[in-house]
Every structure is written in structure tokens, then in C-alpha cells.
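Me: I would like to learn how to read a fold from its structure. Please take me through one.

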Amino acid sequence: MADPVDDPAAEVVERYAVAAPEHETARYLDLLHGNFVNLAGWERTRFLRSLGHDAQQVTDADLERMLQRGEFSGWRERLAAAWLIGLDRRTRFREVLADLLLESDLVYAGQGYSFAITRFGQPEDADILIAYLERYLPQRDCHYDQDWVLGGLLHLDETLGTDHAQGFLTPDGLWSGSSFSRQDPADCRLRIAELLRFADQAMEADA
């Protein structure tokens with residue numbers, strides 16, 4: 001096996017998923033659960049500026065390396081790649097992210113997929129989130145990213161003037177019987193909305 005230092009895929013992961021030359025925490029850990037929201041003001045501003053810069057500079061080929069199935073396809077790389085894709089609204093990755101979201105083969109990465117798909121903001125993105133919820137909410141042993149996806153769908157309903165999420169939220173709907181039933185859907189929506197506002201700031205900071 002090639003020396004990881006000389007491996008192009010490993011260099012891409014280091015550059016975009018770790019990306020912590022001046023910050024003790026790796027980028028993927030700040031993206032995980034949206035943890036960067038809790039950073040001190042100046043530190044969060046620097047984080048968002050760096051994230052926005054990379055979102056505009058990273059090549060599609062490097063994003064594909066981070067998303068690919070194989071040795072360098074862990075949740076850390078995919079989470080970071082999905083955030084970069086979402087920030088720059090690279091909708092050409094929509095189908096890839098939809099497939100990965102529906103597969104849900106890695107923990108945590110689904111947070112990034114749902115963020116990116118929600119940020120794309122089109123009716124076809126709502127359809128992707130609906131398909132995910134229909135598949136995974138009935139599986140009570142699957143503690144995946146249903147809360148992120150529902151929050152994204154509620155946000156899209158608000159921005160698109162649709163009402164897709166309510167079908168899941170009726171008293172006998174899939175949400176009430178899921179492993180996430182104790183979570184308030186309104187809180188899920190507010191979290192996604194907050195992250196999307198920070199995403200706008202990240203892209204404006206590097207404009």
C-alpha cells in the first residue's frame with residue numbers, strides 16, 4: 001500500500017476534512033452535529049471563512065475522492081465533502097448525495113447529506129428527503145439522521161410553500177412511532193435553519 005503521505009486521496013482528506021492548521025479541533029469534528037455553532041465568536045468567524053473559501057476552491061474531482069466508496073471513504077471525509085458541496089450549492093452532486101443518504105451505510109455522514117440537499121432548496125430535494133423518511137422512520141432500530149432530514153423537509157416546506165412534512169407528523173404518523181418520537185420537530189427545523197444561516201455567512205465571508 002502506498003505511503004499515506006504520498007497518496008493523493010489522503011492529502012485531499014487532510015486538506016479538506018481535517019483542515020486544522022490553526023485550530024486544535026479537526027474540521028470534521030466542528031461540522032459533526034453542527035458543533036461549530038458553539039465556538040467563540042471570533043473562532044467561529046475564522047472557521048466559517050476557511051470553510052467558505054474551501055467550498056469555492058475544492059475541485060469536483062477532490063469531492064468525488066472524498067465521497068467514493070473504499071479505503072478513504074469514512075464518515076469524516078463524506079461529512080466534510082457534503083458540507084462543501086452544500087455550501088457552494090453544487091447541485092450536480094444531487095444524485096450522488098441522494099444515493100448515499102438512502103444507503104445510510106456510515107454513521108454521521110447523513111448529517112452532511114441532509115444539510116446539502118436541504119440547501120439546494122428545490123422541489124426535487126424535498127422528494128429525496130421524503131423518500132428517506134418513508135424508508136427509515138418505520139425502522140425503530142435505525143438511529144440514523146431522521147431528525148436532520150425531518151428538519152430539512154420542514155425548512156423546505158416553509159421556503160417552497162409546501163406541506164410534505166405534516167404527513168409524517170400526524171398523531172398516527174411515522175414520526176410518532178419512530179425512535180425519534182421524543183424530539184420536537186420544531187427544534188429540528190430551527191437547528192437546520194440556524195446552520196443554513198451560518199452557511200450563508202460562510203459564503204459571504206469569502207466573497
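**Reading the fold**

Reply: Among contacts (heavy atoms within 4.5 Å) in the protein chain between residues at least 6 apart in sequence, 68% join residues at least 24 apart. This is a predicted model: local features need pLDDT of at least 70, side-chain atom pairs count only at pLDDT 80 or more, and totals for chains, interfaces and linings use all residues. Residues are numbered from 1 along each chain as its sequence is written, and side-chain values use heavy atoms, leaving out hydrogens and water.

Me: How many helices and strands are there in the protein chain?

Reply: Helices (H or I, at least four residues) and strands (E, at least two) are DSSP runs, numbered from the N terminus. The protein chain has 11 helices and zero strands.

Me: What radius of gyration does the protein chain have?

Reply: The radius is taken over C-alpha atoms; the globule rule is 2.2 Å times the number of residues to the power 0.38. For 207 residues, a compact globule would have a radius near 17 Å; the protein chain has 17 Å, which agrees.

Me: What share of the residues counts as buried?

Reply: Buried means under 20% relative accessible area (1.4 Å probe, protein chains only). Here 51% of the 207 residues count as buried.

Me: Which residues have the most contacts inside the largest nonpolar core?

Reply: A nonpolar core is a set of buried Ala, Val, Leu, Ile, Met, Phe, Trp, Tyr and Cys residues joined through side-chain atoms within 4.5 Å. The largest has 67 residues, and Phe36 and Leu97 have the most contacts inside it. Helix H5 (residues 75-87) gives the most to this core: nine residues. Leaving aside neighbours within four places in sequence, Phe36 contacts residues including Trp83, Leu195 and Phe198.

Definitions and conventions: Buried means under 20% relative accessible area, exposed over 50%, partly exposed in between (1.4 Å probe, protein chains only).
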